[in-house]
Amino acid sequence: MTALDPAALLARDALARLDRWEPVDDEQAALAAEYRAFLRGDGGSGARADAVRRDGGPQHLTASCFVLSPDLGRVLLCFHRKGQFWVQVGGHTEPGDTTLAGAAYREAREESGLDDLVPFDPDPEPSTGPDDGPGHQAVGPAAPVDVHRHDLAAAFGTCRTHWDVGFVAFADPDARTAVSDESEDVAWFPVDALPAGTPDDFPVRLATVLAEVRHRRRA
């Protein structure tokens with residue numbers, strides 16, 4: 001049997017996560033449906049590997065992470081070197097990434113310097129078979145919390161549109177952070193007092209993420 005291309009496995013993982021997600025926000029639900037169509041391509045049933053590769057074309061999926069304090073009162077942002085704005089950490093998938101959530105958390109660690117990230121709604125343990133006991137059900141990968149499609153300026157090179165998929169992780173706001181090569185600064189901010197220089201739609205995006213997290217915490 002021929003082994004699948006790692007990017008094909010990553011694309012399949014991304015589609016599985018989006019298929020499992022039932023967003024609270026109607027606009028997010030509509031956009032997530034467009035993501036699933038983008039991953040499947042023209043009438044296909046599977047997921048396209050090119051959709052998650054940086055070199056797969058001018059449009060591709062990226063993975064980002066909203067790093068929050070456990071009480072949801074603060075958010076960690078980086079000042080993006082190319083974009084010159086404050087935004088959540090994240091970026092392109094890499095050849096070694098095996099899951100979309102894993103790519104988001106890897107980016108978060110690399111761009112924040114934080115090692116002790118606690119994923120929100122982490123992937124559950126899969127079923128191992130009949131010994132799991134009566135009533136046990138196989139489970140799939142955890143769903144994202146956010147999708148955001150945006151066009152890019154010329155400073156981003158051949159990338160023209162990012163289909164970003166957002167996840168959440170928690171961290172201690174007092175933990176020491178570190179600036180990466182892709183940003184000029186990284187800092188915590190109150191979620192209701194974001195710094196000047198965030199994208200115009202970012203406050204609404206963050207509020208939608210927080211609403212999604214609160215809803216899933218109550219479920």
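**Notebook: loops, salt bridges and a charged patch**

I started at Leu72, which sits in the loop between strand 1 and strand 2 (74-80). Helices and strands here are DSSP runs numbered from the N terminus, helices being H or I with at least four residues and strands E with at least two.

Before going on, I noted that this is a predicted model, in which local features need pLDDT of at least 70 and side-chain atom pairs count only at pLDDT 80 or more, while totals for chains, interfaces and linings use all residues. Residues are numbered from 1 along each chain as its sequence is written, and side-chain values use heavy atoms, with hydrogens and water left out.

**Entry: positive phi**

I looked up Leu72 for its backbone: its phi is positive, about 65°, although Leu72 is not a glycine. Most residues other than glycine have a negative phi. Is Leu72 buried or exposed? Leu72 counts as buried because its relative accessible area is 4%; the cut-offs are under 20% for buried, over 50% for exposed and in between for partly exposed (1.4 Å probe, protein chains only).

Asp121 was my next stop, with a phi near 50°, again a positive value in a residue other than glycine. I found Asp121 in the loop between strand 5 and strand 6 (146-151). With a relative accessible area of 35%, Asp121 is partly exposed.

**Entry: the whole chain**

I then stepped back to the fold. The protein chain has four helices and eight strands, and I read their order along the sequence as α-α-β-β-β-β-α-β-β-β-β-α. The radius of gyration is 17 Å, close to the 17 Å from the globule rule for 219 residues, so the chain is as compact as a globular protein of that length. (That radius is taken over C-alpha atoms, and the rule is 2.2 Å times the number of residues to the power 0.38.) Along its principal axes the C-alpha trace spans about 50 × 40 × 35 Å. Of the 219 residues, 45% count as buried.

**Entry: salt bridges**

How many salt bridges does the structure hold? I have 15 down for it, a salt bridge being a side-chain nitrogen of Lys or Arg within 4 Å of a carboxyl oxygen of Asp or Glu.

I picked out Arg53 and Asp5, whose side chains meet in a salt bridge at 2.8 Å, N to O. This pair links distant parts of the chain, 48 residues apart: Arg53 is in the loop between helix 2 (26-40) and strand 1 (59-68), and Asp5 is in the segment before helix 1 (6-20). Arg53 is partly exposed at 29% relative accessibility, and Asp5 is partly exposed with a relative accessible area of 34%.

Arg53 also meets Asp55 in a salt bridge, at 3.8 Å, N to O. Asp55 counts as exposed because its relative accessibility is 67%. I traced a network of salt bridges linking Asp5, Asp50, Arg53 and Asp55.

Asp13 and Arg17 gave me a local pair, with their closest N and O atoms 2.7 Å apart in a salt bridge. Both are in helix 1, four residues apart, about one turn of the helix. Asp13 and Arg17 are both buried.

**Entry: negative patch**

Which residues gather in a patch of negative charge on the surface? I listed Asp115, Asp116, Asp172 and Asp174. Patch members have over 30% relative accessible area and no salt bridge, with like charges joined within 9 Å. I took Asp116 as my example: Asp116 is in the loop between helix 3 (100-112) and strand 5 (118-119), and counts as exposed at 69% relative accessibility.

**Entry: two C-alpha separations**

I checked Trp86 in strand 3 (residues 86-87). Trp86 counts as buried at 10% relative accessibility. From Trp86 to Pro141, 55 residues apart along the chain, the C-alpha atoms are separated by 29 Å.

Ala207 is partly exposed, with a relative accessible area of 43%. The C-alpha atoms of Ala207 and Asp192 are separated by 9.1 Å, the two being 15 residues apart along the chain.

Notes
Patches are made of residues with over 30% relative accessible area and no salt bridge: like charges are joined within 9 Å, nonpolar side chains (Val, Leu, Ile, Met, Phe, Trp, Tyr) within 5 Å. Accessible areas come from the Shrake-Rupley method with a 1.4 Å probe; for residues, only the protein chains shown count as cover. Lys and Arg count as positive and Asp and Glu as negative; His and the chain ends are not counted. The place of a charge is taken as NZ of Lys, CZ of Arg, CG of Asp or CD of Glu.
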